[in-house]
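Trainee: I have a new structure to read. Please walk me through it, feature by feature.

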Number of protein chains: 2
Amino acid sequence: MEESHDDGMNIGLLLFLPYRSLETRVFAALARAGYDDFTAAQMKIMQRIGPDGTRLTDLAEQAQVTKQTAGFLVGQLEKGGWVVRTPDPTDGRARLVCLTERAKEAIPVADAAVAEVTADWEAHLGPRRMKRLRETLIMLREIADPYAHQ
Amino acid sequence: MEESHDDGMNIGLLLFLPYRSLETRVFAALARAGYDDFTAAQMKIMQRIGPDGTRLTDLAEQAQVTKQTAGFLVGQLEKGGWVVRTPDPTDGRARLVCLTERAKEAIPVADAAVAEVTADWEAHLGPRRMKRLRETLIMLREIADPYAHQ
DNA sequence: TACATTAGTCAGAGACACTGACTAATGTAG
DNA sequence: CTACATTAGTCAGTGTCTCTGACTAATGTA
């Protein structure tokens, strides 16, 4: 604990604060648009579902939870009509978790909310700084994301 | 959900990934040093305790949880010998949550872990980019942290 | 002195995340 | 082609986190 007390401000907290701010605002925007019957944990799973569906194990790995936890959350999402599980044609053991139409309709709402937050940030930081921030974070991902795929 | 699908990468995820990486590594370093009997949620509370103690309500506000949750976590920390609650001389209703000696001893361990991670990042990004990242995040905090104090 | 506010607690419930043990399908070595 | 290990996913049980609602006690204010 107490990761602070270094030179300036704790870099972890500095990363976390805007992340939380963004997440909160996107969540609120979705709720305002009527998409209010899912939780933050469920959203984290849904975020990771690809256009052609994603396996439970992959979702678990990317969200950094156990497959049991991912299974629980996918179960909740299925009950709520956000996802369906379809058999994976390439592997009889596996099933693909896919977004339903309803879930796909929510994507533009979420995107718009992200765009609004991003615009606020850019207005505060200026376009140059904002662009560099994004570039730096993409670069940082190479070493800070065990799951970086590219 | 599905906050992605914009131009490049979801900026929220880009902020979150290094945050999580840092947190995981600091947590692991503390565990290796023998400080392994507290949880991530408890750490988030402890992080916010000032050198002269902090009120429960303030901890709750900063960590963005209810005071009941903060109270629960402080209770766990108290059982584990990480904090003590002392009366607040200026307000008979309030108590100050203070770090014990044991907790204070863990601070340099956490700081060293943060320094190590920061060094890794700087090695990857280069000193200029790292410096700008920190500056930008501090600037961003002004609008992304409802609790920014300064 | 009455009333509203603030600090914190108690009780109960739901959500989340873990470990361990399991089934079924797949891949591999002999 | 058979035995073994691996992989995908589920079931059961438990502990932790977080919330809402209702409450006590101290403080501030009219």
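**Reading the model**

Mentor: Start with D37(B), which counts as partly exposed because its relative accessible area is 38%. Buried means under 20% relative accessible area, exposed over 50%, and partly exposed in between (1.4 Å probe, protein chains only). This is a predicted model: local features need pLDDT of at least 70, side-chain atom pairs count only at pLDDT 80 or more, and totals for chains, interfaces and linings use all residues. Residues are numbered from 1 along each chain as its sequence is written, chains are lettered from A and ligands numbered from 1 in the order in which they are written, and side-chain values use heavy atoms, with hydrogens and water left out.

Trainee: Which residue forms a salt bridge with D37(B)?

Mentor: Side chains of opposite charge can pair when their charged atoms come close. The rule asks for a side-chain nitrogen of Lys or Arg within 4 Å of a carboxyl oxygen of Asp or Glu. Here the partner is R102(B), with the closest N and O atoms 3.1 Å apart. The pair links distant parts of the chain: R102(B) is in helix α5 of chain B, D37(B) in the loop between α1 and α2 (40–46), 65 residues apart. Helices (H or I, at least four residues) and strands (E, at least two) are DSSP runs, numbered from the N terminus.

Trainee: How many salt bridges are there over all chains?

Mentor: The search finds 16. One of them joins K131(A) and E135(A) at 3.1 Å, N to O. Both lie in helix α6 of chain A, four residues apart, about one turn of the helix. K131(A) counts as exposed, at 55% relative accessibility.

Trainee: How many salt bridges cross the interface of chain A and chain B?

Mentor: The rule finds zero there. The size of an interface is often given as the accessible area lost when the parts come together. Chain A and chain B bury about 6,100 Å² between them, 67% of it on carbon and sulfur atoms. That area uses a 1.4 Å probe and is summed over both parts. The contact (heavy atoms within 4.5 Å) takes 61 residues from chain A and 61 residues from chain B.

Technical notes:
Buried area is the accessible area (1.4 Å probe) that two parts lose on being put together, summed over both.
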